[in-house]
Amino acid sequence: MRGLHKLRPGHRAVPAGSARQHPRHSPPDEAQLLDTQRAFDSVAADYDGPRGNNELIQRMRLILWDTVHSVVPPGARLLDLGCGTGIDALEFARRGFHVVATDWSPLMVERTRARAAAAAMQSRVTVAHLGIQQLARLDDEFDGIYSNFGPLNCVPDLGAVATECARLLRPGGSLVFSVMGRICPWELGHYALRGRFKRAGVRAARGATAVGMNRHTIWTCYYLPREFYRAFSGQFSLQGYRALGLFLPPPYLVDYYRRRRRWCERLGRLDDRLGALPLLRDMGDHFLIVLRRR
Ligand SMILES: C[S@@+](CC[C@H](N)C(=O)[O-])C[C@H]1O[C@@H](n2cnc3c(N)ncnc32)[C@H](O)[C@@H]1O
């Protein structure tokens, strides 16, 4: 039978921990996963505001929505990894898909549940508190799996995620992920011009690096598209990838965008036209990658 009631037993609870220095090249450990969970819990209440859903984010969201819609059949069954407050899950429910929406932050999960209830969409959206690192607990079958705005940057073992996605996806099914990239020219320039060179270089770190949010720490691994794909290449073929937010500033610079809206609209058109070109597609705040199960 399909559904989260078939969660597998035996998941180990993670011990409490706090933000600290992390050895180079290491993925996030269990304590750091909890730091990240607390960070997102702390912003769940207002995440639909400027922090989590401003105009620049909405622009990128549309691209993921249309990409997912174009690669799965009508009425498909979708899995959302790191659903946040459920904006994407509800959009796909409105488009006639069935979504299992999961997140590692219990307060984000509550927001998604409330959003589904307010829209009377509980028949199309199932919500579960589940970290991506816990996917082995899920027994189900999906036509497509998506993850928007970097949840996959917070997991310890991408290879294990690939194995679980391959198990959960029907043959020929698609993965659509938006992932934070390593080379974000806007971010480099923004922080370097302010003399914050350490912050400017944060995406160059190997393994998990501490990124502050709301006085908490998100342990984040940044990837080049090819580094990311390497973990999935055994079970998935690469359908394509493109930059998101290359000419446009990253979402946290939305004030810049608001002050220069007409100029930024032009930059947005450059993103649309050029973001999938070789070399350019390897840069940007995020990249959108589409993979197909062999
Ligand atoms: C930047 S938010 C994006 C949320 C949502 N996908 C959206 O588009 O608004 C990142 C989300 O990933 C979740 N997350 C972080 N680490 C995770 C993990 N290990 N497993 C599942 N979700 C995780 C956070 O709780 C948060 O909701």
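This is a short talk on one predicted protein model, from the whole chain down to single residues.

Two ground rules. Residues are numbered from 1 along each chain as its sequence is written. The model is predicted, so local features need pLDDT of at least 70, side-chain atom pairs count only at pLDDT 80 or more, and totals for chains, interfaces and linings use all residues.

Start with the whole chain. It has 11 helices and 9 strands. Both are DSSP runs, numbered from the N terminus: helices are H or I with at least four residues, strands are E with at least two. Along its principal axes, the C-alpha trace spans about 55 × 40 × 40 Å.

Next, burial. Of the 294 residues, 44% count as buried. Buried means that 20 or more other C-beta atoms lie within 10 Å of the residue's own; exposed means 12 or fewer; partly exposed is in between, with C-beta atoms placed from the backbone.

Now helix H3, residues 55-71. Its 17 residues should span 24 Å at 1.5 Å a residue, and the end C-alpha atoms are 25 Å apart, which agrees. The expected span is 1.5 Å times one less than the number of residues. Which residues of H3 are buried? They are Leu56, Ile57, Met60, Leu64, Thr67 and Val68. They cover an arc of only 100 degrees around the axis, so they sit on the same side of H3. The arc is that of the directions from the helix axis to the C-beta atoms. The face turned away carries the exposed residues Gln58, Leu62, Asp66 and Ser70. Remember the rule: an α-helix has 3.6 residues a turn, so residues three or four places apart point the same way.

Met108, Val109, Arg111, Thr112, Arg115 and Ala116 are buried. Their arc is only 155 degrees, which puts them on the same side of H5. Exposed Ala117 and Ala118 are on the face turned away from that buried side.

On to the ligand. There are 22 residues around it, and Phe40, Gly82, Gly84, Pro151 and Cys154 come nearest. Near means a C-beta atom, placed from the backbone, within 6 Å. Helix H1 (30-43) and helix H4 (87-94) each give two or more residues to this shell. H1 gives the largest share, 3 residues. By type, the shell has 11 nonpolar, 9 polar and 2 charged residues. Nonpolar covers Ala, Val, Leu, Ile, Met, Phe, Trp, Tyr, Cys and Pro; charged covers Asp, Glu, Lys and Arg; the others, Gly among them, are polar.

Last, two single residues. Asn214 lies in the loop between strand E6 (209-213) and strand E7 (216-220). Its phi is positive, about 55 degrees, although it is not a glycine. With 14 C-beta neighbours inside 10 Å, Asn214 counts as partly exposed. Leu279 is in the loop between helix H11 (261-274) and strand E9 (286-293). Its phi is also positive, near 75 degrees. Leu279 has 7 C-beta neighbours inside 10 Å, so it counts as exposed.
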